[in-house]
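Visitor: I'd like to learn how to read aromatic contacts and surface patches. Can you walk me through a case?

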Amino acid sequence: AHPLDSHSALMVPVFAVAALPILWRRRGIVAAVGVSLVVVAASVPAFGWVTRCGFALPLSVAMAYAVARFAGSRQNHLLGLVGVLALQIVTLVKDSSTGGLGPLVLSVPAAAAFYGIGLLVEARARRAVTEPTLGAEHVHA
């Protein structure tokens with residue numbers, strides 16, 4: 001959709017650094033979304049028109065799921081979701097493969113779907129186990 005502005009090999013480590021915060025999802029998903037957002041946003045003026053959507057949109061969807069699972073308070077959920085949307089916008093603003101923000105019509109619903117799945121998984125994880133998981137014949141004393 002748009003010619004590449006940069007062929008720099010530095011894009012690889014920068015994009016890797018942008019993806020690494022997903023590993024912090026259990027400790028601080030809001031901070032992880034924020035760090036990824038800052039790194040991707042910094043790549044826009046640094047590299048210009050390049051393809052970011054291939055790694056950053058799947059990352060944003062994974063972050064949306066992680067927000068649902070690990071954000072905790074309602075305020076953190078809201079901050080995390082705003083961060084995910086901002087990550088998608090920053091990703092697409094100068095994406096050479098998509099040419100702009102058009103793919104938001106697909107990426108926002110995908111993130112919303114994975115957020116919903118994360119909420120279901122979190123609700124199921126919080127539910128207390130009411131029955132033993134093993135029958136009496138499996139318990140060895």
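**Rings and a patch**

Guide: Ring pairs join Phe-15, Phe-47 and Phe-55 into a cluster. This is a predicted model, where local features need pLDDT of at least 70, side-chain atom pairs count only at pLDDT 80 or more, and totals for chains, interfaces and linings use all residues. Residues are numbered from 1 along each chain as its sequence is written, and side-chain values use heavy atoms, with hydrogens and water left out.

Visitor: How many aromatic pairs are there by this rule?

Guide: A pair of aromatic rings is described by the distance of the centres and the angle of the planes. Rings of Phe, Tyr and Trp (its six-membered ring) pair with centres within 6.5 Å; planes under 30 degrees apart are stacked, over 60 edge-to-face, the rest tilted. Here the count is 2. Phe-15 and Phe-47 have centres 6.3 Å apart and planes at 80°, so that pair is edge-to-face. Phe-15 sits in helix α1 and Phe-47 in helix α2, 32 residues apart; helices are DSSP runs (H or I, at least four residues), numbered from the N terminus.

Visitor: What about Phe-15 and Phe-55?

Guide: They're stacked, at 4.5 Å centre to centre with 25° between the planes. Phe-55 belongs to helix α3 (residues 53–70), 40 residues from Phe-15.

Visitor: Is Leu-20 buried or partly exposed?

Guide: Leu-20 is partly exposed, because its relative accessibility is 46%. You'll find Leu-20 in the loop between α1 (11–19) and α2 (25–47).

Conventions. Helix = DSSP H or I, 4+ residues; strand = E, 2+ residues; numbered from the N terminus. Buried < 20%, exposed > 50% of the residue type's maximum accessible area, 1.4 Å probe, protein only.
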